[in-house]
Protein chains: 4
Amino acid sequence: MSNEQGEGARRRPSDSGPDDDHGGSTRERILTAAGELFAEHGFTATPTSRIAERAEVPKGLIHYYFRRKQDLLAALVERLPDEELESDRLVVRGDVAGSLRRLVGELDARLESSMLLSHLLWREADTHDAVRQAMQQRFGVVVEQIRRVIELAMPPGLAGCDVETAAMLLARVINHRHSVARHRTEDDELDREIGFIANALELGAGSPVVNPA
Amino acid sequence: MSNEQGEGARRRPSDSGPDDDHGGSTRERILTAAGELFAEHGFTATPTSRIAERAEVPKGLIHYYFRRKQDLLAALVERLPDEELESDRLVVRGDVAGSLRRLVGELDARLESSMLLSHLLWREADTHDAVRQAMQQRFGVVVEQIRRVIELAMPPGLAGCDVETAAMLLARVINHRHSVARHRTEDDELDREIGFIANALELGAGSPVVNPA
Amino acid sequence: MSNEQGEGARRRPSDSGPDDDHGGSTRERILTAAGELFAEHGFTATPTSRIAERAEVPKGLIHYYFRRKQDLLAALVERLPDEELESDRLVVRGDVAGSLRRLVGELDARLESSMLLSHLLWREADTHDAVRQAMQQRFGVVVEQIRRVIELAMPPGLAGCDVETAAMLLARVINHRHSVARHRTEDDELDREIGFIANALELGAGSPVVNPA
Amino acid sequence: MSNEQGEGARRRPSDSGPDDDHGGSTRERILTAAGELFAEHGFTATPTSRIAERAEVPKGLIHYYFRRKQDLLAALVERLPDEELESDRLVVRGDVAGSLRRLVGELDARLESSMLLSHLLWREADTHDAVRQAMQQRFGVVVEQIRRVIELAMPPGLAGCDVETAAMLLARVINHRHSVARHRTEDDELDREIGFIANALELGAGSPVVNPA
DNA sequence: AATGAATGAGACTTCATTCAT
DNA sequence: AATGAATGAAGTCTCATTCAT
């Protein structure tokens, strides 16, 4: 268990050339099919043969590009969109809730295409080390971005409250959506939760932690 | 691939007799082993033969008690501790944070034994209908309990804020711990998050939701 | 490469009971089929599916008894007839050639059933450690037996010659037959070679090793 | 499964041109790599892709030069050094042992480069007809050469003994080294065995075969 | 002349499940 | 009630070989 290899993922043959294949380069089609199926049924429960079917390539080609099934997962992780984004332009000083909403919107837009994928990765995180590491790193990045937006958006006088915790809280909510909530994505709830946190911050929540049990 | 039910789970042969087996009735030992292994490696990735090994029973016995592998999962769901608990005695009026901490503590204590199991179930939730339904129901129960504790603990004057959202937020945090956070369970973080939410509530957060996007 | 495991070979189900299978216990039939096919076409070139065909068992049963193909080889080695035999009764003092011929005859008789097998094992000796070790040990045993027979059969006065070398020489001839000569087993040649060696010993060959360049 | 021949081995594209490849013509590098790998792991167990790797040529090139994998084996057989050598200059009349030692030394020197290869060929002899035939022919040539050296080296008076058998015996020893003994090549043993045979011949061994069984 | 993507047959192996005892 | 031998479908992966470029 948990053997990453670093190698295993062969380079794609025609990287930037025009694709006369139906729908992306062959390698890409395989990855897309794999991502979808993994997300729908899980990694172990998805036979490589079904990936081949959906990608409309012969079975052997899967293992030509990705020697082991596991390498498909690794490649999917690498292909994740970079979560980094210049968040500064989203910030409106004094409007924490609005700024956070815009941030979450941006993050979601980026992940939109890979929502299912993201969900899959959370599922496989504790079976595959590479996946887990990637996920944890991404979590850290998100927390950091939230924290930054909050700090920029907060009115100057209210610097005392627990920004760190609020950021973590929101990051967890976001992750929860991507990881577990998959089916019932109720934007309404999310919206209210963002509002709650922003409001709490503006009220100075968390600053004086009173008698911690 | 959906959910069989009704039949499938055979009644244990010697139900009430004294156990001369080493460590619980045979059927129970099988379930425990299955729960552990499913949690460690996932449902599909766990062969029934390995369950038999860990439970120290012959392989045939697994399918004697549980005709299909899937029935093991169903039985594990049924065996989950009832989340219902008389929360009233945990409440100290005026101390929202403390009350919530005690509630979370109780919930954790109940789940302690089945922490891994709970995690497993979240993983398998979108592959197995029966599991998903159970999980969603449990989520609802937890939200409700949190809401109740908050309402009981809140000082009378502050009834205006968004208790519903706060409850959902905390429930999500709890679930996140059980479903995803598996490895790094940092109680410190949880504690601060509870404090943050309680404090926010006391400050009236969420009451006037300002310009919702 | 070269991973023996010690385990891997499941115990046969009905060891000594009467066989109503057609031709030995199931496990034994598999081993016999494997031995034959390995000998004919080599280990790697023999698919387990063909073993199943010849043994007239379903493919899965092969791996029920022998988890890995390699375990078949290991089991075949273990099944080799013990080369040890009470050679003393074969010896006629003063008749070295005759004594050796009887010894070789005995060894051949023992190996007769496993001639092909023996050949196979030599072929696979340098790919599979377990096989090589078994083969080397067997070689040592044979050399020792030959040496003993020679010493018992030699007339007392001629003790000076190089018995060790003669024994090795003959052992090598025997092995050569089993390992390489497979197809054209001309007993005539063997006979003359035994005669030559015996005669040489009686003439005192090897005693004074002259200028070993 | 028998032996194809006649076609199959394409002529190398640039036969006589200067080699700017690193280490021999491309075709030759392929053959060398194939020989090494076949000897190490056996014919069937060696993928052509690994041959390409070791030869540092693209995979397609293997099948460009040698349409079928089997043709590699055939080419290796053809490339074997010619065993024929003018043995007369090695002979010192009256010194049988010395003459044989020099002969064996020469043969070994020729085969030195292809010791492993020779071993491989013996292994594959009974799976590939072409290989077996080549091997048997080579065996005959060696026997003949030994016989010739013995006859030339023997003192005139001792013509009565069984030269044929002695030659066969020694040829077998040589072959045994090349085919089986691969790992523990103890020149010491070989030396003593040559001495034994030569000594036996000088003593007239084999001449009067006494009571053949 | 040379390349490496593509192909599909088939190898080994695992496994849930059945069934005779 | 309990067992483990038996079964065969299906999984992952390898590989010789072809072919368009």
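A residue is called buried if its relative accessible area is under 20%, exposed if that area is over 50%, and partly exposed in between, using a 1.4 Å probe and the protein chains only. By this rule, 52% of the 213 residues of chain A count as buried. The model is predicted, so local features need a pLDDT of at least 70 and side-chain atom pairs count only at pLDDT 80 or more, while totals for chains, interfaces and linings use all residues. Residues are numbered from 1 along each chain as its sequence is written, chains are lettered from A and ligands numbered from 1 in the order in which they are written, and side-chain values use heavy atoms, with hydrogens and water left out.

**Chain A as a whole**

- Chain A holds 9 helices and 0 strands, where helices (H or I, at least four residues) and strands (E, at least two) are DSSP runs numbered from the N terminus.
- Among the contacts in chain A between residues at least 6 apart in sequence, 72% join residues at least 24 apart, a contact being a case of heavy atoms within 4.5 Å.
- The accessible surface of chain A is about 9,700 Å², and 50% of this belongs to carbon and sulfur atoms; such areas come from the Shrake-Rupley method with a 1.4 Å probe, and for residues only the protein chains shown count as cover.

- Of the atoms of DNA strand F that come within 4 Å of the protein, 72% belong to sugar and phosphate.
- Two side chains of chain D approach phosphate oxygens of DNA strand F, with a polar atom of D:T48 at 2.6 Å and a polar atom of D:R68 at 3.1 Å.
- A base nitrogen of DNA strand F lies 3.3 Å from a backbone N or O atom of B:G60.

**Helix 2 of chain D**

- In helix 2 of chain D, the residues D:T48, D:I51, D:A52 and D:A55 are buried.
- These residues lie on the same side of helix 2 of chain D, because they cover an arc of only 100° around the axis, the arc being that of the directions from the helix axis to the C-beta atoms.
- An α-helix has 3.6 residues a turn, so residues three or four places apart point the same way.
- The cover over the buried residues of helix 2 of chain D includes helix 1 (26-41), helix 3 and helix 4 (69-79) of chain D.
- Helix 2 of chain D is followed by D:E56, which has a positive phi, near 55°.

**Residue E56 in chains A and B**

- Most residues other than glycine have a negative phi.
- A:E56, in the loop between helix 2 and helix 3 of chain A, has a positive phi near 55°, and it counts as exposed at 57% relative accessibility.
- B:E56, in the loop between helix 2 (48-55) and helix 3 of chain B, also has a positive phi near 55°, and it counts as exposed because its relative accessibility is 56%.

**A:T127 and its contacts**

- A:T127 sits in the loop between helix 6 (115-124) and helix 7 (129-153) of chain A, and it is buried, with a relative accessible area of 17%.
- Leaving aside neighbours within four places in sequence, A:T127 is in contact with B:H41 and B:R123.

Note on methods
Near = heavy atom within 4 Å. Polar contact = N/O pair within 3.5 Å; in protein donor to acceptor, adjacent residues only side chain to side chain.
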